[in-house]
Amino acid sequence: MQACRTRPVTPSHLQPGPDETLDSIGTAGVRVFQRRNGYRFTLDAVLLAHFAATESTPSPASPVLELGAGSGVVSLLLVKQFGLGPVDALELQPAVFARLTRAVALNACEARVRPMLGDLCRIREFVTGGAYGHVVSNPPFRVADAGVRSPDDERAISKSEVACDAQAVITAARYALAPGGLVSLVYPAARAAEVLGFLAQAKLHPRVLRFVHSRVDAPATRFLVQAVRDRDRGLTVRPPLVVHGEGPGGYAPEVAALMDPPLAEQAPPPNESD
């Protein structure tokens, strides 16, 4: 498997602009560009990448498609931290796509992650049906008419179902997957029945389900689900995933292991004079 390279010198176009931040995530040195005051990735992206990788049954070299790739967190974690891919990363918004493309170059993953500009609702124009062994998506969560829409279009499209809804995501995944291929998704826990119903309608049979809780005694806030195309072999419900606890950064140990500790909690480098 061809790994992402190390880029010794960072050219000027791969430096953050005045309205951007350059942020690190995970344990493999993934860095992405984000708008300083725009939509920003959340822990959901890390949990999805880990879930997709650890629950996978296809070959690690099986091609992966990310629907709604955003800043590239999931795609880059899949290839750099978890060894999956290659990944085609489909993103709708041109400005977000530009940051995604720069992040792929910054992480020297051009051979492993291919940014694609396009609308998942028109998936047939961009990918060949049945070409992927795994589809992943951390899609917009909020139903389009729920609450007040953000006046920032980029933020609204990233958070709310104004450009695509859950059924469109699942329909696109069904088209892209080979028979026996997997789709991994993260959604709010309150939408579990709805999303599982859409998967069943598309003959994408849920095989693994895991609920995410902020704390041991708190209700679930998210769920992770992995489904398989055309092959119903029963559903396994994993133990709850608890986010916060006594680990580094205030996370529970399982979540803390997915990320580098905060700088304040990292061990100091050895003293060369010792």
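Reader: Which elements do the buried residues of α5 pack against?
Author: The buried residues of α5 pack against β3 (64-67), β6 (132-137), β7, α6 and β8. Here, buried means under 20% relative accessible area, exposed over 50% and partly exposed in between (1.4 Å probe, protein chains only). Contact means heavy atoms within 4.5 Å, and helices (H or I, at least four residues) and strands (E, at least two) are DSSP runs, numbered from the N terminus. This is a predicted model, where local features need pLDDT of at least 70 and side-chain atom pairs count only at pLDDT 80 or more, while totals for chains, interfaces and linings use all residues. Residues are numbered from 1 along each chain as its sequence is written, and side-chain values use heavy atoms, with hydrogens and water left out.

Reader: Thanks! How many residues of α5 are buried?
Author: Eight of its eleven residues, so α5 is mostly covered. The buried ones are A166, A168, V169, I170, A172, A173, Y175 and A176.

Reader: Switching to the core: which members of the largest nonpolar core touch the most others?
Author: L65, L67, L78, V183, L185 and L199, out of 78 residues. A nonpolar core is a set of buried Ala, Val, Leu, Ile, Met, Phe, Trp, Tyr and Cys residues joined through side-chain atoms within 4.5 Å.

Reader: What does V183 touch?
Author: Not counting residues up to four places away in sequence, V183 touches H134, V135, A173, L177, L199, L204, V225, Q226 and A227.

Reader: Okay, aromatics. How many pairs turn up?
Author: Two, from a search of the whole structure. Rings of Phe, Tyr and Trp (its six-membered ring) pair if their centres lie within 6.5 Å; planes under 30 degrees apart count as stacked, over 60 as edge-to-face and the rest as tilted. Y187 and F223 are stacked, because their ring centres are 6.5 Å apart and their planes are at 25°. Y187 lies in strand β7 (residues 177-188) and F223 in strand β9 (residues 220-229), so this pair ties together parts that are 36 residues apart in sequence.

Reader: What about F211 and F223?
Author: Those two form a tilted pair, 6.2 Å centre to centre with 45° between the planes. F211 lies in strand β8 (residues 204-213), so its pair with F223 in β9 ties together parts twelve residues apart in sequence. Ring pairs link Y187, F211 and F223 into a cluster.

Reader: Are F211 and F223 buried or partly exposed?
Author: F211 counts as partly exposed at 26% relative accessibility, whereas F223 counts as buried at 0%.

Reader: Last one: what does L209 contact?
Author: Leaving aside neighbours within four places in sequence, L209 contacts F223, L224, V225, L235, T236, V237 and R238. L209 is found in strand β8 and is buried, with a relative accessible area of 7%.
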